[in-house]
Amino acid sequence: MSSHRIQPKLDGLDELIRWALLDEVAGEEPSPQVWQSIQARLMLRPQAMPSQSRVKRPWRQLASALQTWALGITAPLDVVWDSRLTPRERSYLVWKENLLLSMMTMAAVTIC
Amino acid sequence: MSLSEDGRLISQIRQGNILALKALYEKYKGPVYRTALAITRDREAAEDILQDCFLKVYTYIDKLDGSLPLSPWLHRVTVNLSYNWANKRRRWLQPLEEVIDHLIESPRTLPESTLERGELRYAIQAAIASLSFEHRVVIVLFYLNGFSLNEIAYVLDCPVGTVKSRLHYARRNLRRKLERDRGLAPEVAYEFS
């Protein structure tokens, strides 16, 4: 941002607009509940620290990408299994979670 | 509170100091809230925007430069949140309807001498409310916040020429609305006020 201030030519209309706008919101203040709400929402966060602590490390980024990829390639299978199995049968199999776990284990072993 | 005081608070917030965030909030809550209110004309929405604005301050505190004025950045966030609100709620028809209702209720033209200040004020506020979102935001930032064209260009993330153009057309539209709908020449109105 430059410090050079460009100002258009002003006339009576400008004074009117400024007067009407200031009058519309003059003296308006937010309720005290706003800050309380901000505070409450900050406390609800997993860690009450700004974004710097939430930068993912490379291995976490890789795991996240792997999970997204695995979910992507297994999505069509999901549809097929949904159509062939009852929810109860599916809950016993929990095949997807096991597959993901094994793939992530393999990836971790490869990296190490 | 000086600019370096903002910088000190920002560095304290980076350490997770909520009280520093509260100090910053107390300093800027008024201007941010009133800007959001002038744009949305909805107290509840303005409070939501204020809240989200300061949550963003906390979230993006590492990206803030403590040596620069914080106000333009805060207003940039405020305008973006207001834009999201307007898109989501599509409330811009409501002020327009208010203007139409008011014009139907009132005589088309009134002698300037009989106009009351309240009515004149309402006419201008209604005319501002009937502007498009882009024009209204420029009007609020320029007249209410007193930002320069360069600062508005930063807030809106657009060239200064675009700001000048929007301000020009917004003023022209307002002038026409006041002259046509109220039979009120701004110069006369100015004399009256």
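1. Is B:Arg41 buried or exposed, and how many other C-beta atoms lie within 10 Å? This is a predicted model, and in it B:Arg41 is buried, with 20 other C-beta atoms within 10 Å.

2. You will find B:Arg41 in the loop between α2 and α3 of chain B.

3. B:Asp157 is not a glycine, yet it has a positive phi of about 55 degrees. It sits in the loop between α8 and α9 (160-182) of chain B. B:Asp157 counts as exposed, because it has 10 C-beta neighbours inside 10 Å and the limit for exposed is 12 or fewer.

4. Next, helix α4 of chain B, which runs over residues 70-89. Its 20 residues should span 28 Å at 1.5 Å a residue, and the end C-alpha atoms are 28 Å apart, so expectation and model agree. The buried residues of α4(B) include B:Pro72, B:Leu74, B:His75, B:Val77 and B:Trp85. As for partners, the buried residues of α4(B) pack against α2 (18-40), α3 (43-59), α7 (133-144) and α8 (149-156) of chain B.

5. Over in chain A, helix α1 (residues 12-25) has 14 residues. From first C-alpha to last, α1(A) reaches 21 Å, close to the 20 Å expected at 1.5 Å a residue. Its buried residues are A:Leu13, A:Leu16, A:Ile17, A:Ala20, A:Leu21 and A:Glu24. These cover an arc of only 120 degrees around the axis, so they lie on the same side of α1(A). Just after this helix, A:Gly27 takes a positive phi of about 80 degrees.

6. Finally, a point where the two chains meet. Two packed helices are described by the angle between their axes and the distance between the axes. For α1(A) and α2(B), the axes come within 10 Å and cross at roughly 110 degrees. The two helices are therefore roughly perpendicular to each other, and their crossing is right-handed. On the α1(A) side the contact is made by A:Leu21, A:Glu24 and A:Val25, and on the α2(B) side by B:Arg34, B:Leu37 and B:Ala38. Note that A:Leu21 and A:Glu24 are also listed among the buried residues of α1(A).

Terms used:
Residues numbered from 1 in each chain as written. Chains lettered and ligands numbered in written order. Predicted model: local features only at pLDDT ≥ 70, side-chain atom pairs only at ≥ 80, totals over all residues. Helix = DSSP H or I, 4+ residues; strand = E, 2+ residues; numbered from the N terminus. Expected span 1.5 Å × (residues − 1). Contact = placed C-beta atoms within 7 Å. Arc of directions from axis to C-beta. Axes fitted to C-alpha atoms, helices over the stretch in contact; angles between N-to-C directions. Parallel < 35°, antiparallel > 145°, perpendicular 65-115°, else oblique. Left-handed = near helix turned anticlockwise from the far one by under 90°.
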